[in-house]
Amino acid sequence: MNDDNETYLGAALPRFSKAAVVRAFGTPLEIKDVPIPTEVEPGALIVKTSACSICGTDVHLARGNLALKVDLPVILGHEMVGRVVAIGQGAERDSVGQPVRIGDRILWTHTSCGSCYFCTVANQPTLCENRRAYMYESSEKPPYLLGGFSEYGYVLPESGRVRVPDNLDDAVASLCSCAFRSVMNAFDNLGPIDPSEHVAIQGAGPLGILAAAVARVAGARTVSVIGAPASRLQMAKDFGATHTFNLEGSTHEERAEQLRAMTGGRGPDMVLEFTGFPGAFNEGLDLVRKGGRYLTVGQLGAGSTTFSPSLIVKKNIRVIGSFSGDVKSYWKALQFASAHIDHIPFRKMISGTYRLEDVNVALEKMHRLEEIKPLILME
């Protein structure tokens, strides 16, 4: 680290931040010195990153498998938590009105402009026409530090930011930054759950397991998780799933028969997809009962599938997509974790911890499904 420091609103910071950079898809990340901005815009913050957990999206981006625009080179990572080290004018409160001071821990969101059709009339800021997203913008253009696998991060003026409750450690807070806020946004899009209703969840990754916890706390009569391997299904039970169905050694027809048997022959009232596998869409449409709700969250890759649209019509299914999450979703994730930290084992989901220089090892283990939610520690 370069010892030549600049002064930022009373905080002495180095000129450069170590960061894990994607320079070319499908190649190992490089640990590079990335400039720290010499000025903090009004409304912006500079944060010393404490930790950043790895998301499946990180793996897909690094390998070039996302159907989204990426302005290489980029700093990978978007599930970060950090302590405020510099505060721009007007940034003294977070997005829910809590004071923000030097040393406070925060999560921060992708941006929304607040003035386009989707931000205002549609009230769907995740679809903002002028949205800027962390880990998708070049690390060679100001303000440089727009990714999580970095010693320092820059919080854009248009980004939401929320203080982290004191009873959550960095690992759980980081988990709330993408995985859990996506789940919270999904449940907002899904709508209320009645205590008589049965919920089925496709996928036993972090999102599916977290969704099991939310569905159970919301009062669902049963929460069934479909996925693999067995160890992840056991974790789903630890988080609140009442039933699990292992993809390994069972067929769709067998799983469908069992789910219908436990729901009076109808099938689940709602099915939530968190798999990322296009073929899951067909199974979900078949599983959900007539008149039910099917929500899909995991389909961000370039893959495709075929299905019969008549199935949606004949069964009168409501198909709902849910993308990302706004600042409300981050806040709700933090509040849920804070309220239930004593009886839902969030920390168990953090399967391994790594230093920044070992990020490629962690990404490879994530790709091989040897990790469920590894954590990169910056401190």
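Let's start with a quick one: are phenylalanine 281 and tyrosine 294 buried or exposed? Both of them are buried, where buried means under 20% relative accessible area, exposed means over 50%, and partly exposed is in between, using a 1.4 Å probe and protein chains only.

Before I go on, a word on where this comes from: it's a predicted model, local features need pLDDT of at least 70, side-chain atom pairs count only at pLDDT 80 or more, and totals for chains, interfaces and linings use all residues. Residues are numbered from 1 along each chain as its sequence is written, and side-chain values use heavy atoms, with hydrogens and water left out.

Back to our two rings. The structure holds 7 aromatic pairs, meaning rings of Phe, Tyr and Trp (its six-membered ring) with centres within 6.5 Å; planes under 30 degrees apart are stacked, over 60 edge-to-face, and the rest tilted. Phenylalanine 281 and tyrosine 294 are an edge-to-face pair, 5.4 Å centre to centre with 75° between the planes. Phenylalanine 281 belongs to helix α7 and tyrosine 294 to strand β15, 13 residues apart. Helices here are DSSP runs of H or I, at least four residues, and strands are runs of E, at least two, numbered from the N terminus.

Now, the core. A nonpolar core is a set of buried Ala, Val, Leu, Ile, Met, Phe, Trp, Tyr and Cys residues joined through side-chain atoms within 4.5 Å. The largest one here has 55 residues, and Phe180 and Phe346 have the most contacts inside it. Helix α3 is its biggest contributor, giving 12 residues. Apart from that core lies another, of 52 residues, including Leu29 and Tyr354. Phe180 and Phe346 also share an aromatic cluster with Phe239 and Phe336.

Next, helix α5. Which of its residues are buried? They are Arg232, Leu233, Met235 and Ala236. Down the helix axis, they fall within an arc of 155°, so they line one face of α5; that arc is taken from the directions from the helix axis to the C-beta atoms. They pack against α4, β12 and β13. Just after α5, glycine 240 takes a positive phi of about 130°.

Last stop: a sheet. It's open, with 3 strands in the order β4-β3-β6, and the pairing is antiparallel. Strands β4 and β6 are at the edges with a single partner each, so one side of each has no neighbour in the sheet. Strands count as paired if DSSP finds at least two bridges between them, and β3 and β6 are joined by 2.

How values were computed. Contact means heavy atoms within 4.5 Å.
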